[in-house]
Amino acid sequence: MNAIVNISRLLKSKLARTGLSSFKGGVHPPQHKLESTTSPIRSVTLPKHLVLPLRQHVGNVSKLQVAAGDHVLKGQLLAKADGQVSAAVHAPTSGVIASIGNQLIPHPSGLPDISITLEADGRDQWIEHQALDYLSMSKPELLDHLREAGVVGLGGATFPSHIKLREDARHPVRTLIINGAECEPYISCDDMLMRERADEIVRGIEIMRYLLDAEVCAIGIEDNKPEAIQAMREAVAKSAIAIDVIAVPTIYPGGGAKQLIKVITGKEVPSGRLPTEIGVQCFNVATAYSVHRVVNHGEPVISRIVTVTGNVARPGNYEALLGMSISELVQLAGGRAEDGDLVMGGPMMGFNLPSAAVPVVKATNCIIVPSAEMFPQPEPALPCIRCTRCADVCPVNLQPQELYWFSKSQNLEKASEYNIFDCIECGCCTYVCPSNIPLVQYYRYAKSEIIAQDRAKEAADIARERNEFRLMRIEREKQERAQKHAQKAAGAKAEAGGDSAAEAAKKAAIAAAVERAKAQKAEVVAKNTEEVSPRVEAEIAKIEARRAQKPELSGQPEQTELFAEKQEPAVTSAVEQMDGTQLLSKEKQPTEEAK
Ligand code: SF4
Ligand code: SF4
């Protein structure tokens, strides 16, 4: 229901602006596009083996889902996206996984990377797949399908498209721009795609517009591609939604996202910011086409159109399976891969391949087989004469000559201060420099050094923080241990204090008992001599008399006295030896008996 409402609203929307803006700078190098646009897109014979790097996109390397020896079908998932900023890799044909390991890949670093080698079985048998009814799906579900199908920006940036197609409440996208400018010389894959598959591109644009809920949509195409402009205008006329096809002036680098946005909308994307921050999102025409294949055919990204041009007998555009060898592609175009260092991309922003055996990847838009006439050896660099021509052509308002000095003198802080990271490496400055200074190479070097230094600093900061945390933990544990010991000691002391108190109480009780015993004894003695009854007195008198009669006994104690005398120290001694409990129980007995 929402989709229907959106579409009816979009039918009424049109790009509000009339007239185009321009961006500062730019150059007009020879186009060399005609050579590769005289014949339709060609298909290629099924390669015998394909090499599929797991890193063909910006972001995390994808996660392997197969092992050597597995048989796979065309379109089967070989490696899935790892996290959000990642993209999946699929089998471009059916066959057996021959090996998984490091292989040379087409990258300026010239370094190998983890790749899957697939031996084709020749049957080219598809896995079961079907179109999606995307209007009945939730947008997150549809975005997940695009992520799982490996859709990335095919203009060369290879950023995962599902991220750019997410709605962001903070930065709603009002304008969707489809980039068909293709400004770099020699490259014509987008031009041919628009000429031949305009309807499919428009189907993809409709899906993108639905996802972003954009109010306005425009396709920008350089005016040196009249056939493509015509084909796209015819295709959008059949669409249920309003899409403007805008012919933009041919000037390099007019196909840069920020430059095209400026030309079409008149808005400038500020330095260091994203187009979404001014309400605009931009995609390449080939990306729109792959969105259509995924959604309306259920096919993941397993091929792309590649321009093969330069020193070849049959320059043109080829629908190449991802993973096929670039040397094989060059041979199909009637060229010899060994004739020179192949260039991937255009002459302005491309780079030399480390080997002709590297595979076609999602970023491979063009292969140029160079010749000495096409790309003569550059003249030796001369000192900078401060002519400022480089600054005049810089499309992002930089001071290339200053950046050159800072890069050359390793003054990286200053280079950063002068916004070296705004440089899009378009090469306009190098192109016009009368001193033949390879300026872009200096900027690339400075950028990589700054990134390396930042990473080293970041690593050092992390290590320092980790060490500080470790020291804090050790100190904390030390304090905790000391606290525990102190608590234990205090407990022991309290216990010891309690013991001595108890002991003192016990001693006091004993002393008191001794005193009481002495008092009792004194009482007993007194009772023997005082307040005796007349009968006892008489008895005493008798005893005294007997004593007088038996002088041998006089001076010796009488038995009772003797007993009393003997008993007294014994009791005292026993009492003194008793503990408090015994004493108290002894004391208690007579009391109870008395009761
Ligand atoms: S164009 Fe070359 S010579 Fe002129 S200022 Fe720039 S770097 Fe120096
Ligand atoms: S390469 Fe960088 S500095 Fe040179 S013109 Fe392009 S954007 Fe400006």
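Which element supplies the largest share of the shell around ligand 1? In this predicted model, that element is α11, which contributes 3 residues.

Begin by selecting ligand 1 together with the 15 residues around it, among which C384, C387, C390, Q401 and C433 come nearest. If you then colour the helices, you will find that α10, at 389-393, and α11, at 400-408, each supply at least two residues of this shell. Colouring the shell by class instead gives 10 nonpolar, 3 polar and 2 charged residues.

Next, move to the open sheet, in which 3 strands follow the order β3-β5-β6 with antiparallel pairing. Because β3 (63-64) and β6 (89-90) stand at the edges with a single partner strand each, one side of each is left without a neighbour in the sheet. Select β5, residues 77-80, along with β6, and you have an antiparallel pair joined over 2 bridges; within this view, A79 is the residue that stands opposite V89 in β6.

For the last stop, turn to the largest nonpolar core, which has 132 residues and in which I201, M208, M232, V306, L329, V330 and I367 touch the most other members. Helix α5, spanning residues 198-212, gives this core its largest share, 9 residues. To finish, centre the view on V306 and display its contacts: leaving aside residues up to four places away in sequence, V306 touches C189, N317, Y318, A320, L329, V360, T364, N365, C366 and I367.

Key
Residues numbered from 1 in each chain as written. Chains lettered and ligands numbered in written order. Predicted model: local features only at pLDDT ≥ 70, side-chain atom pairs only at ≥ 80, totals over all residues. Near = placed C-beta within 6 Å. Helix = DSSP H or I, 4+ residues; strand = E, 2+ residues; numbered from the N terminus. Nonpolar A, V, L, I, M, F, W, Y, C, P; charged D, E, K, R; others polar. Pairing = 2+ DSSP bridges. Core = buried A, V, L, I, M, F, W, Y, C linked by C-beta atoms within 7 Å. Buried ≥ 20, exposed ≤ 12 C-beta atoms within 10 Å, placed from the backbone. Contact = placed C-beta atoms within 7 Å.
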